[in-house]
Amino acid sequence: MANKYLKIYIQIIFAVKYREAILAKSWRSELFSYMSTSLLDRGNYPLAVNGSYDHVHLFFDYRDTELISDLVRELKKSSNSFIKNKGFTRSKFQWQTGYGAFSYSYREKGKIIEYIRNQEKHHQKVRLKDEYLSMLNDFEIDFKDEYLFDFLE
């Protein structure tokens, strides 16, 4: 009987509800470490998890153990609880609904890891809205403006 072989690199992007700038630098690395562990616990191999004050990027070797939509839902749910339990924010914390999921080839892996590791510096030059719209267009994803993240202008 033949075995199953796959190598699928996925980048997931999602944002804080209302794009509030509340992912404080003082605890972001702890959150990203938690999210990396959560990916690993769910059977995926994290390659880079990082973000900025209002969104996260997760890049991982997807192992096909669950649907991507289920994985994202559970990552949001568990990280939301993690943030609340740690008392990182004074206000009620929530992730926005929706997410972006993009696949990459083995040859692009290093470039994407580097890009995600440098998110804070990157977003000093490029707004998330511009970057996200560019990605949707580059990947030829049809979208409606009313179903995008709530972007701060």
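Biologist: Which residue in strand 3 is the bridge partner of Ala 15?
Modeller: The bridge partner of Ala 15 there is His 55. Please keep in mind throughout that this is a predicted model.

Biologist: How many bridges do strand 1 and strand 3 share, and in which sense do they pair?
Modeller: Strand 1 and strand 3 pair over eight bridges, in the antiparallel sense. Another position to look at is Ile 12, which stands opposite Leu 58 of strand 3.

Biologist: And what about strand 2 and strand 3?
Modeller: Strand 2, residues 45–51, pairs with strand 3 over six bridges, again in the antiparallel sense. Pro 46 stands opposite Phe 60 in strand 3. A hairpin of three residues joins strand 2 to strand 3.

Biologist: What is the strand order of the sheet?
Modeller: The sheet is open and has four strands in the order 2-3-1-4, with antiparallel pairing. Its edge strands are strand 2 and strand 4, the latter covering residues 100–104, and each of them pairs on one side only. From one strand to the next, the twist averages 15 degrees.

Biologist: Which strands does helix 1 touch?
Modeller: Helix 1, residues 25–41, packs on the sheet and touches strand 1, strand 2 and strand 3. The direction of helix 1 makes about 155 degrees with that of strand 2.

Biologist: Where does helix 2 lie?
Modeller: Helix 2 lies across strand 1, strand 3 and strand 4, and runs at about 45 degrees to strand 1.

Biologist: Back to strand 3: how many of its residues are buried?
Modeller: Eight of the eight residues of strand 3 are buried, so the strand is mostly covered by the criterion of under 20% relative accessible area.

Biologist: What is Leu 31 in contact with, leaving aside its neighbours within four places in sequence?
Modeller: With those set aside, Leu 31 is in contact with Leu 23, Ser 79, Phe 82, Ile 83 and Trp 95.

Biologist: A change of topic: which residues of helix 3 are buried?
Modeller: In helix 3, residues 109–117, the buried ones are Ile 112, Ile 113, Tyr 115 and Ile 116. They cover an arc of only 165 degrees around the axis, so they are on the same side of helix 3.

Biologist: What is on the other side of helix 3?
Modeller: Lys 111 and Arg 117 are there, and they are exposed.

Biologist: How many salt bridges are there?
Modeller: The count comes to eight salt bridges. In one of them Lys 4 pairs with Asp 64, and the closest N and O atoms are 3.2 Å apart.

Biologist: Which parts does that pair tie together?
Modeller: Lys 4 lies in the segment before strand 1 (8–15), and Asp 64 lies in the loop between strand 3 (55–62) and helix 2 (68–86), so the pair ties together parts that are 60 residues apart in sequence.

Biologist: Are Lys 4 and Asp 64 exposed or partly exposed?
Modeller: Lys 4 is exposed, with a relative accessible area of 53%, whereas Asp 64 is partly exposed at 37% relative accessibility.

Biologist: Which residues meet Arg 73 in salt bridges?
Modeller: Asp 70 is one of them, with an N to O distance of 2.9 Å. Both residues lie in helix 2, three residues apart, about one turn of the helix. Arg 73 also forms a salt bridge with Glu 74, where the closest N and O atoms are 3.1 Å apart. Salt bridges that share partners join Asp 70, Arg 73, Glu 74 and Lys 77 into one network.

Biologist: Are Arg 73 and Glu 74 buried or partly exposed?
Modeller: Arg 73 is partly exposed at 46% relative accessibility, while Glu 74 counts as buried at 18%.

Key: Residues numbered from 1 in each chain as written. Predicted model: local features only at pLDDT ≥ 70, side-chain atom pairs only at ≥ 80, totals over all residues. Heavy atoms only, no water. Buried < 20%, exposed > 50% of the residue type's maximum accessible area, 1.4 Å probe, protein only. Helix = DSSP H or I, 4+ residues; strand = E, 2+ residues; numbered from the N terminus. Arc of directions from axis to C-beta. Salt bridge = Lys/Arg side-chain N within 4 Å of Asp/Glu carboxyl O. Pairing = 2+ DSSP bridges. Axes fitted to C-alpha atoms, helices over the stretch in contact; angles between N-to-C directions. Contact = heavy atoms within 4.5 Å.
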